[in-house]
Amino acid sequence: MLISKIILAALIIVFLWLIQNGVYKKRGLLNIEYSRAFSTSAVYEGQEVYMIETIANNKLLPVFFVLVESSIDPSLQFQKQANLEIRHGQYHRSFFVLMPYTKITRKHKVVCTKRGHYRIDSASVNVGNLIGNIVKFKNFSFNTEITVYPKIIPVNNSVMASYSYQVDTSV
């Protein structure tokens, strides 16, 4: 009698898991919006900027496991924050839990360590079921870019005086 109840409970759990897995496969990414931008379009080397990422769930179904992954140049160094993981200095991962009809905006502090022009073209948004297994993913494309100018050196710290190149040289 006890064994039949355990088997019945296990079958019900497997059945419910299959149903929710199918629902999240079919509807998990439906009406999910994601965007990413920098707080300014240009900074100087060594300055901080905010990378603002926004994700919205515009449907009744809550999404309990959303993982956003993208590749970012290691010269843009992120400060440590909750729900954020930087792997090998260049892979940015954010974790979200989205309730029905909610929008989450996060600001990540970034230090621009090297001059250059940096672009972030896309991000992969992964949706998982209630257990956390990834069941579906979608690539979102956007055009986020920032220009990092060289560090400004004060004039009084220059190596040579401006008149040193203007003197006559005896040969």
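## Starting point: His92

His92 sits in strand β7; strands here are DSSP runs of E with at least two residues, helices are runs of H or I with at least four, and both are numbered from the N terminus. Please keep in mind that this is a predicted model, in which local features need pLDDT of at least 70 and side-chain atom pairs count only at pLDDT 80 or more, while totals for chains, interfaces and linings use all residues. Residues are numbered from 1 along each chain as its sequence is written, and side-chain values use heavy atoms, with hydrogens and water left out.

Is His92 buried or exposed? His92 counts as buried because its relative accessible area is 0%, and the cut-offs are under 20% for buried, over 50% for exposed and partly exposed in between (1.4 Å probe, protein chains only). The side chain of His92 makes a polar contact of 3.3 Å with that of Arg36. Such a contact is a pair of N or O atoms within 3.5 Å; within protein, one must be able to donate a hydrogen and the other to accept it, and residues adjacent in sequence count only if both atoms are side-chain atoms. Val68 is 24 residues from His92 in sequence, and their C-alpha atoms are 7.9 Å apart in space.

## The chain as a whole

The protein chain has 1 helix and 10 strands, and from the N terminus the order is α-β-β-β-β-β-β-β-β-β-β. Of its 171 residues, 32% are buried. Taking contacts (heavy atoms within 4.5 Å) between residues at least 6 apart in sequence, 71% join residues at least 24 apart.

The accessible surface is about 11,300 Å², and carbon and sulfur atoms hold 59% of that area. These areas come from the Shrake-Rupley method with a 1.4 Å probe; for residues, only the protein chains shown count as cover.

In soluble globular proteins, nonpolar side chains tend to be buried together. Here, the largest nonpolar core has 29 residues, and Tyr34, Ile55, Val66 and Val68 touch the most other members. Elements giving two or more residues to this core include β1 (32–38), β3 (48–57), β4 (63–71) and β10 (134–149). A core of this kind is a set of buried Ala, Val, Leu, Ile, Met, Phe, Trp, Tyr and Cys residues joined through side-chain atoms within 4.5 Å.

Which residues does Ile55 touch, leaving aside those up to four places away in sequence? Among them are Tyr34, Val66, Val68, Phe96 and Ile104.

## Salt bridges

How many salt bridges does a search of the whole structure find? The search finds 5, each pairing a side-chain nitrogen of Lys or Arg with a carboxyl oxygen of Asp or Glu within 4 Å. One of them joins Arg93 and Glu69 at 3.0 Å, N to O. This pair links distant parts of the chain, with Arg93 in strand β7 and Glu69 in strand β4, 24 residues apart. Glu69 is partly exposed at 29% relative accessible area.

Arg119, Asp121 and Glu145 form a network of salt bridges. The Arg119–Asp121 bridge spans 3.4 Å, N to O, and Arg119 also pairs with Glu145, with the closest N and O atoms 3.5 Å apart. Because Arg119 is in strand β9 and Glu145 in strand β10, this second pair ties together parts 26 residues apart in sequence.
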